[in-house]
Amino acid sequence: MLPPRSRHADDARRPPRPTTLVVDLEAAAHNIRAVRQMVGPARKVFAVVKADGYGHGAAELGAIFVAHGADALAVADLGEGIRLRQRGITAPILVYPSSLPEAAPDALGHALIPTLVDLDGAHAYAEAATGPCDVFVKIDVGLERLGVPAEQAVKVIAAMLELPHLRLAGLCAHPHAPGGDDHAYAEWQLGRFTAVVDELQTRGIGVPIRLLAASPFVLRFPQTYLNAVDPGRMLYGITFAGETPPVPLRPTLRALTTRVIALKELAPRERFAELAPFPVTAPMRLGVIPMGSADGLAWLHAGRVLVRGRAVPIVGSPSLEHTRIDLTSAPDARVGDEVVIIGRQSDAEITVAEVAERHGLGLHHVATTVGPRVARVYTS
Ligand SMILES: Cc1ncc(COP(=O)(O)O)c(C=O)c1O
C-alpha cells in the first residue's frame, strides 16, 4: 500500500501552505472503468501515469487505476518508475524510452520493463540481466520521435533477440494523432505496425503484447486496439473536439485553490504614485495569496479568482511566491477565506478550458504546470 503523504482531503485541507490541487479519485476510477468497457475484458490496459500522473500524482492515480481495472502502468521517466516501486506499487510498470543504456541495472533492479529503441540499449540490458529479461521494443510508425523505424524493425529486433537473456514481451508504438478523423492515416500507421508483427511471427518470433492505441486512437479508432492499449489523458477526463467516448469521462482535476493570507487597505499614494507596483487610483482592499510564478501561477490563472462566490481580479503579475488580488468588491472577505483559481465556488466557476485557452496550453498541460510544491489533495 502507499505510505501516507498527507494526501487525504481532511488532512491536506490544512497543508502547511494552504495551496492545493484537488484531485477527484472517484473520477479516475470511473475513467479507467470506462476504458475497460470500451476495450473489453481481454485486452491489456497500460494506464499511463507519465509526467507524475499528468500532474495529479503518479502513485496515487496509478494505485486507483490498478485497483479499478488497469493491468499495468506506464511511465516515460525511469526515475518515476523507481519512485512508483518505492511507493509500494507492485503492478507491472512499462518504462517508455527515457534513459541512457547505463541505467539498465537501475531499471532491472526495480523490476521495471524497459522499452528498447536500438541495439546499444539491448546490449546494456543483456549485460545487466542475470536471468530472463522481458523487454518491449518501440516501433516508430509515424510520429518521427522515438522508436525503430518500422521498415528496419524486424532486422533490429531479430539481432536484439540473439543477445543473452532478452525476451520480447511486446511491441509498442505511439502513433501520430493530428486532430480530425483521418481513418486512412490511422490505418497506414497501424499497417506499418502489424507488418512488423506479422513478419516477426513468420520468422517464429512471437509478439505477446501488441500496444499501439493511446487516447486519440482509443477514442476514435477501435480497429487499432490490437491486444493492448495505453491511454493517458483520457484517464484524467481530458478529451478534445471530435472525441466522444460512449461513456462520458469525468475530469480528475477538480480545483486549484489557495487562501487569503493577508489583507490590507490601500489608499492612493500622494508621492511616487507613478512608481507604484500597480496603479491605485481609489481606496483598495488588497489580499495576498500564497502562490506565485514558482508554482506555475503565471500560466494558470484566468485574470480573476473566486472569493466568497464572487470573481475578483488579480492585481499586477504573480511574483515568485505570492500574488495580489483586489478584494475591494468583497468587503466581507477575511484572512483564511478560500480562493479558487480554477474550479467552482458557489455559482461561480473558472474552468480548466478557460485557463488553458488564455495561456495557449493544451488541456493536458494544465495540471502538469502546477508546481510540485502545491499539495495534491485527494477526494473521493
Ligand atoms: C508512448 C506513449 N504512449 C501513450 C501515451 C499516452 O498518450 P495520451 O495521453 O494521448 O493517451 C503517451 C503520452 O504522450 C506516450 O508517450
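Because the model is predicted, local features need pLDDT of at least 70 and side-chain atom pairs count only at pLDDT 80 or more, while totals for chains, interfaces and linings use all residues. Residues are numbered from 1 along each chain as its sequence is written, and side-chain values use heavy atoms, with hydrogens and water left out.

Taken as a whole, the protein has 12 helices and 19 strands; helices (H or I, at least four residues) and strands (E, at least two) are DSSP runs, numbered from the N terminus. Its C-alpha atoms fill a box of roughly 85 × 45 × 40 Å along the principal axes. Of the 380 residues, 52% count as buried, where buried means under 20% relative accessible area, exposed means over 50%, and partly exposed is in between (1.4 Å probe, protein chains only). Among contacts (heavy atoms within 4.5 Å) between residues at least 6 apart in sequence, 67% join residues at least 24 apart. The accessible surface comes to about 17,000 Å², and carbon and sulfur atoms account for 54% of that; areas come from the Shrake-Rupley method with a 1.4 Å probe, and for residues only the protein chains shown count as cover.

Helix α5 covers residues 78-86, and its buried residues are Leu78, Glu80, Gly81, Ile82, Leu84 and Arg85. At the start of α5, a side-chain oxygen of aspartate 77 comes to within 2.7 Å of the backbone nitrogen of glycine 79. Just past the other end, glycine 88 takes a positive phi of about 95°.

Next comes the ligand. It is surrounded by 14 residues, the closest being Lys50, Tyr54, Ser215, Gly232 and Arg233; a residue counts as near if one of its heavy atoms lies within 4 Å. For arginine 233, a backbone N or O atom sits 2.8 Å from an oxygen of the ligand. Taken alone the ligand exposes 390 Å², and the protein buries 89% of that.

A few single residues round out the picture. Alanine 186 belongs to helix α9 (residues 183-202) and is buried, at a relative accessible area of 1%. Leaving aside residues up to four places away in sequence, alanine 186 touches Phe217 and Phe221. Threonine 20, in strand β1 (residues 20-24), is buried too, at 5% relative accessibility. Its side chain makes a polar contact of 2.7 Å with the side chain of threonine 257; such a contact is a pair of N or O atoms within 3.5 Å, and within protein one must be able to donate a hydrogen and the other to accept it, with residues adjacent in sequence counting only if both atoms are side-chain atoms.

Most residues other than glycine have a negative phi. Alanine 51, in helix α3, has a positive phi of about 50° and is partly exposed at 44%. Leucine 226 has a positive phi near 45° and lies in the loop between α10 (215-220) and β10 (228-229).
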